[in-house]
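Please read the points below alongside the chain and its fold.

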Amino acid sequence: MQLVIGTKNYSSWSLRGWLAVKASGLPFEEILIPLCKPDTRERILALSPSGKVPCLIEHGLEIWDSLAIAEYLAEVVPTLWPQDAAARARARSVAAEMHSGFQALRNTMPMNIRGHFPGQGQTPEVLADIKRIEAIWNDCRAHYSSGGRYLFGHYSIADIMFAPICLRFETYGVELSGLAHDYVQSMLAHPDMLEWKAAALLENDIIPEYEFRSA
Ligand SMILES: N[C@@H](CCC(=O)N[C@@H](CS)C(=O)NCC(=O)O)C(=O)O
């Protein structure tokens, strides 16, 4: 399997795809295409039909969306989702809500692992997104805490979908309390997150399009 990804400091969707492949335990080769270079589009399009990363390639089959990649891997490794049907339905709901929503937060607080902008970017729309995310995390942790430290106890695709949000909250100094606060700490301490973060910190590309800009 090959996973095509973008610049680790900035590419939140790449992080999700990469965490899913890592969590599957399956061997893979990483192909990193630096974002926003003159040849980026051409290089990504040569491997990913949508022109976006991440894209997983296996035996000529391309899967070009983070959630589709996670679902594909879960067919081989079903423990990537919670095993209980009701918990799995909830996990799919929150993963899909993340995948399709929180536009204000995503636009205003771009993932920038190297960055440090405490207290910035907290517009009313962003604060509403943060409130909803905090409610999801508190609710999941309150219901599924017996199985472990993650949203549905064991680490799952739901956590993977929210992983870049945890990194953003660190960059932008977003303070949470109680269960949600502890959840972010668990995610930031996950070995796969630490591995990605360490690699991101070694990069030195600065991409102005993905840097924080105050309104
Ligand atoms: N819905 C897609 C989003 C993928 C996406 O927007 N990827 C960005 C990087 S984080 C990208 O490929 N940007 C390169 C470009 O647009 O040229 C997913 O879940 O994978």
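1. In what follows, axes are lines fitted to C-alpha atoms, for helices over the stretch in contact, and angles run from 0 to 180 degrees between N-to-C directions. Helices (H or I, at least four residues) and strands (E, at least two) are DSSP runs, numbered from the N terminus. The model is a predicted one, in which local features need pLDDT of at least 70 and side-chain atom pairs count only at pLDDT 80 or more, while totals for chains, interfaces and linings use all residues. Residues are numbered from 1 along each chain as its sequence is written, and side-chain values use heavy atoms, with hydrogens and water left out.

2. How do H4 and H6 pack, in angle and in distance between their axes? The angle is about 165 degrees and the axes lie 12 Å apart. That makes H4 roughly antiparallel to H6, on a scale where angles under 35 degrees count as roughly parallel, over 145 as roughly antiparallel, 65 to 115 as roughly perpendicular and the rest as oblique. The crossing of H4 past H6 is left-handed, a term that applies if the near helix is turned anticlockwise from the far one by less than a right angle, with right-handed used if clockwise. On the H4 side the contact (heavy atoms within 4.5 Å) is made by Ala87, Arg90, Val94 and Glu97, and on the H6 side by Arg132, Ile136, Asp139, Cys140 and Tyr144. These residues divide into five nonpolar, no polar and four charged, where Ala, Val, Leu, Ile, Met, Phe, Trp, Tyr, Cys and Pro count as nonpolar, Asp, Glu, Lys and Arg as charged, and the others, Gly among them, as polar.

3. Helix H3 (residues 66–76) also packs with H4, at an angle of about 155 degrees and with the axes 10 Å apart. H3 and H4 are therefore roughly antiparallel to each other. Ser66, Leu67 and Glu71 of H3 make the contact with Arg92, Ala95, Ala96 and His99 of H4, and by class this contact of H3 with H4 has three nonpolar, two polar and two charged residues.

4. Side chains of opposite charge can pair when their charged atoms come close. Taking a salt bridge as a side-chain nitrogen of Lys or Arg within 4 Å of a carboxyl oxygen of Asp or Glu, the count for this model comes to seven salt bridges. One of them joins Arg90 to Asp139, with the closest N and O atoms 2.6 Å apart. Because Arg90 lies in helix H4 (residues 85–100) and Asp139 in helix H6 (residues 124–144), this pair ties together parts that are 49 residues apart in sequence. Arg90 is partly exposed at 36% relative accessibility, and Asp139 is partly exposed at 29%; here buried means under 20% relative accessible area, exposed over 50%, and partly exposed in between (1.4 Å probe, protein chains only).

5. Lys8 forms a salt bridge with Glu30, the closest N and O atoms being 3.0 Å apart. The pair links distant parts of the chain, with Lys8 in the loop between strand S1 (2–5) and helix H1 (12–24) and Glu30 in strand S2 (residues 29–32), 22 residues apart. Lys8 counts as buried at 6% relative accessibility, whereas Glu30 is partly exposed at 34%.

6. Which residues does Thr171 touch, not counting residues up to four places away in sequence? They are Asn112, Ile113, Gly115, His116, Phe117 and Pro118. Thr171 is placed in helix H7 (residues 157–171) and is buried, at 3% relative accessibility. Ser156, in the loop between H6 and H7, is likewise buried, with a relative accessible area of 2%, and touches Leu80 and Pro82 under the sequence limit of up to four places.

7. Some backbone values deserve a check, since most residues other than glycine have a negative phi, and most peptide bonds are trans. The peptide bond from Val53 to Pro54 is cis, with omega near 5 degrees, and Pro54 lies in the loop between H2 and strand S3 (55–58). Cys36, in the loop between S2 and H2, has a positive phi of about 60 degrees although it is not a glycine, and is partly exposed at 40% relative accessible area. His59, in the loop between S3 and strand S4 (61–63), has a positive phi near 45 degrees and is exposed at 81% relative accessibility.
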